[in-house]
Amino acid sequence: IIVTVKALQHAHMHRDNHLSGILMSRIVLALGAVACVSANLVAQSASATHTIMPSPTTVAWGYYDAAATPVLHINSGDEIVVGTLITSSPKRLEAAGVPPAEVEQSLRDIYDKVTNKGPGGHILTGPIYVNGADSGDVLEIRIKKIDLAIPYAYNAFGGKSGFLPEDFGYSRMRIIPLDKRTMLAHFADGIDIPLHPFFGSIGVAPPASFGRLNSAPPGIHAGNLDNKELVAGTTLYIPVHTRGALLEIGDGHAGQGNGEVDITALETSLVGTFQVIVRKDMHLTWPRGETPTHWIAMATDRDLVQATKTAVRQSIEFLMSRGLSKDDAYMLTSVACDVDITQLVDGTVGVHVMIPKSIFTRPTDAPP
């Protein structure tokens, strides 16, 4: 700025009005940049860290709802440490072989005391009210850390659920030990699964007109996406539909395969650390994700073909925001991006497109 000011003084001395105008514009832009940096620094220094653990008074059992009562208020830029519970009853876990002492007391308390529940089955921590968030904004959720909370997970299927109920007309549940030191799940003799913990459900309240939504089907509010890419170090962007956003987090998975075909993953309890930021400069119609190596376009629908079409269109829209024409964006999605099935079993199925960052040889400043 100082150099530009000196150049402006020199231009003024020589009555070069055109140059003077250009340089003044540069000063304004530079001052604006400094102001933005200063505002960010102030926001960072003023940010707080909150901890919220599951209890009968801090969970929403089985729903996302714009009318739900918040259990915590935070500011944009704050960090939150959130505990979540395994999606199963204490009785069912014990029947499958979990020693009673290893069933979390908070899970017992919630099953004993919470009566406002349904229509879904997930125990979600929240809702969390984000000050300043409102309909039309985007909630940027940076997933900074995910820790295992218990030394086991389960996988189960039922006679009327999963992708192949006609082949498995009965129920079965398996308890799977988790080794936090090696980050492996011991599925069976000779079979160890690398752990990649993530939260199956991170979502906000839907529009008020939707009423109380079942926690199982994902949608424009994100929710039960079951996207295994959303591990620590990634970011989820969710369109906001109501004041405060009303963020809820749960359905911890120690790992999962794309599709989640029998309806469950390595279901477990997790503790996550997140930074939550209100983005008024972004406007999305569907959730999007970002990893260190990829951008993720997402969509859901009751029909797999329609979900895929919407996800591909979301990829095209994203690539067009990077400066590509519609035709080129369609072509690039075909030749360089992977269209993956997220899950097939939540009533509403999910599809996501993995867009590699490595194909772009020049950095861009466009939003995700």
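Student: What am I looking at, and which cut-offs apply?
Tutor: This is a predicted model, where local features need pLDDT of at least 70, side-chain atom pairs count only at pLDDT 80 or more, and totals for chains, interfaces and linings use all residues. Residues are numbered from 1 along each chain as its sequence is written, and side-chain values use heavy atoms, with hydrogens and water left out.

Student: How many helices and strands are in the protein?
Tutor: The protein has six helices and 21 strands. Helices (H or I, at least four residues) and strands (E, at least two) are DSSP runs, numbered from the N terminus.

Student: What share of the residues counts as buried?
Tutor: Of 368 residues, 49% count as buried. Buried means under 20% relative accessible area, exposed over 50%, and partly exposed in between (1.4 Å probe, protein chains only).

Student: OK, salt bridges. How many?
Tutor: The count is eleven salt bridges, each being a side-chain nitrogen of Lys or Arg within 4 Å of a carboxyl oxygen of Asp or Glu. One of them joins glutamate 94 and arginine 108, with the closest N and O atoms 2.6 Å apart. Glutamate 94 is in helix H3 (residues 90–95) and arginine 108 in helix H4 (residues 105–113), so the pair ties together parts 14 residues apart in sequence.

Student: Are those two buried or partly exposed?
Tutor: Glutamate 94 is partly exposed at 30% relative accessibility, and arginine 108 is partly exposed at 23%.

Student: And what about glutamate 140 and arginine 279?
Tutor: Their side chains meet in a salt bridge at 2.6 Å, N to O. That pair links distant parts of the chain: glutamate 140 sits in strand E7 (residues 138–148) and arginine 279 in strand E17, 139 residues apart. Glutamate 140 is buried, with a relative accessible area of 5%, and arginine 279 counts as buried at 17%.

Student: Where does lysine 357 come in?
Tutor: Lysine 357 forms a salt bridge with glutamate 290 (2.8 Å, N to O). Glutamate 290 lies in strand E18 and lysine 357 in the segment after strand E21 (349–356), 67 residues apart. Glutamate 290 is buried at 18% relative accessible area, whereas lysine 357 is partly exposed at 22%.

Student: Switching to aromatics. How many pairs?
Tutor: There are seven aromatic pairs. Rings of Phe, Tyr and Trp (its six-membered ring) pair if their centres lie within 6.5 Å; planes under 30 degrees apart count as stacked, over 60 as edge-to-face and the rest as tilted. Phenylalanine 157 and phenylalanine 168 form an edge-to-face pair, 5.4 Å centre to centre with 65 degrees between the planes. Phenylalanine 157 is in strand E8 and phenylalanine 168 in the loop between E8 and E9, eleven residues apart.

Student: Which cluster do ring pairs make?
Tutor: Ring pairs link Phe157, Phe168 and Tyr170 into a cluster.

Student: Last one: where is threonine 291?
Tutor: Threonine 291 is in the loop between strand E18 (288–290) and strand E19 (294–301). It is buried, with a relative accessible area of 8%. Apart from neighbours within four places in sequence, threonine 291 is in contact (heavy atoms within 4.5 Å) with Glu229, Thr234, Ile296 and Lys357.
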